[in-house]
Structure formats: structure tokens, C-alpha cells
Amino acid sequence: MAYDRNNVFARILRGEIPCSKVHEDEHVLAFRDINPLTPTHILVIPKGEYVSFDDFSEKASDAEIGAFCRAAGRIARDLGLAESGYRILANHGRHAHQEVPHFHLHIFGGRDLGRMVPKGLE
Ligand code: 5GP
């Protein structure tokens, strides 16, 4: 899938749409989800143009991947989630219902999150 430069996170990165920023560095931007599912719900995105985790893990440089991983851990720590616990999640593609085609990690926290993915039609 080709990268769409008009996706909403690309527009946030260009400053065309505001966001509630919690972290920014050379490679990474993180901000609060507009429709939070938990008391703390953060989106962590690389500044590079990657459609999803599949794309990012294949094409991003070691520096981008390292910065992304470090930033996600640090954001959770800085928000006080490391002690109580949190969940990180990345949706890729149709089965995961990915909505925004710019790779992002969700960080959920601030309450008990239950166990894993709901059991259903396996
Ligand atoms: P996905 O299903 O692609 O993993 O999740 C996309 C997430 O982006 C959703 O949780 C949705 O609420 C969030 N989102 C969509 N548009 C915006 C926006 O304009 N600003 C912010 N902060 N979050 C957004």
C-alpha cells in the first residue's frame, strides 16, 4: 500500500491539524488520542512515512526504530504508567481494523485493561 500524504497523522505532523502533544524528538511525535478508550490513551508515531508496523519494521532505519522504541517506553514512564501497568498495541491492516494509514502505537493505561484480546470467533 502506497503512503497517503493526506492521512490525518501526516497532517498533524505538518502542523495542519492541532494535537495534544506529549513528546517530540527528531524521529518521533506522540500525542493524546482524540477519542480516548482509557484514562490515558497516547498515540506514538514515527515522523517518517510508514503505512503500518509491517512497513516500518521492514524499511525504517535502526536509528528510527531505536528512537521509536525508546520514546514509547519513556512516555509511558513519564506519564506514571510503568508501575501500575499499560498496554501497547499497533493495528496493521484489515483484520486489525487499522483506521489511519500512518504507523502508530497506542499506549493504553490508567485503569485495569482486562486480559489481551476478547475471546470470540477463533
Ligand atoms: P487505528 O484504528 O488506526 O489503530 O487507530 C487510529 C486512532 O487515531 C483512533 O484511536 C482515533 O481515535 C485516532 N484519531 C483519528 N483521528 C485523530 C485526530 O485527528 N487526532 C487525534 N489525536 N487522534 C485521532
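Here are some notes on the strands and the ligand site of this predicted model.

1. A word on the ground rules. This model is predicted, so local features need pLDDT of at least 70 and side-chain atom pairs count only at pLDDT 80 or more, while totals for chains, interfaces and linings use all residues. Residues are numbered from 1 along each chain as its sequence is written, and side-chain values use heavy atoms, with hydrogens and water left out.

2. Let's start with strand S5, residues 105-109. Helices (H or I, at least four residues) and strands (E, at least two) are DSSP runs, numbered from the N terminus. Five of the five residues in S5 are buried, where buried means under 20% relative accessible area, exposed over 50% and partly exposed in between, with a 1.4 Å probe and protein chains only. Leu105, Ile107 and Gly109 lie on one side and His106 and Phe108 on the other, and both faces are covered. In a regular strand the side chains alternate between the two faces of the sheet.

3. S5 has a partner in strand S3 (residues 40-46), antiparallel over five bridges; two strands pair if DSSP finds at least two bridges between them. Here threonine 40 stands opposite glycine 109, and isoleucine 42 has isoleucine 107 as its bridge partner. S5 also pairs with strand S4 (residues 86-89), again in the antiparallel sense, over four bridges. In that pairing leucine 89 faces histidine 106.

4. Seven of its seven residues are buried, so S3 is largely enclosed by the rest of the structure. Thr40, Ile42, Val44 and Pro46 point one way, whereas His41, Leu43 and Ile45 point the other. S3 pairs with S2 in the antiparallel sense over five bridges, and isoleucine 42 is the bridge partner of arginine 32 there.

5. Now to the ligand. It is surrounded by 16 residues, and the closest are Asp33, Asn91, Glu99, His104 and His106; a residue counts as near if one of its heavy atoms lies within 4 Å. Helix H1 (8-13) and strand S2 (28-32) each supply at least two residues of this shell, with H1 giving the most, three residues.

6. A nitrogen atom of the ligand is 2.9 Å from a polar backbone atom of arginine 32. Ligand oxygen atoms also come to 2.8 Å from a side-chain N or O atom of asparagine 91 and to 2.8 Å from a side-chain N or O atom of histidine 106. On its own the ligand has 520 Å² of accessible area, and the protein covers 85% of this; such areas come from the Shrake-Rupley method with a 1.4 Å probe, and for residues only the protein chains shown count as cover.

7. Histidine 102, in the loop between S4 and S5, counts as buried because its relative accessibility is 0%. Its side chain makes a polar contact with the side chain of tyrosine 3 at 2.5 Å. A polar contact is a pair of N or O atoms within 3.5 Å; within protein, one must be able to donate a hydrogen and the other to accept it, and residues adjacent in sequence count only if both atoms are side-chain atoms. Glycine 110, in the segment after S5, has 48% relative accessibility and therefore counts as partly exposed.
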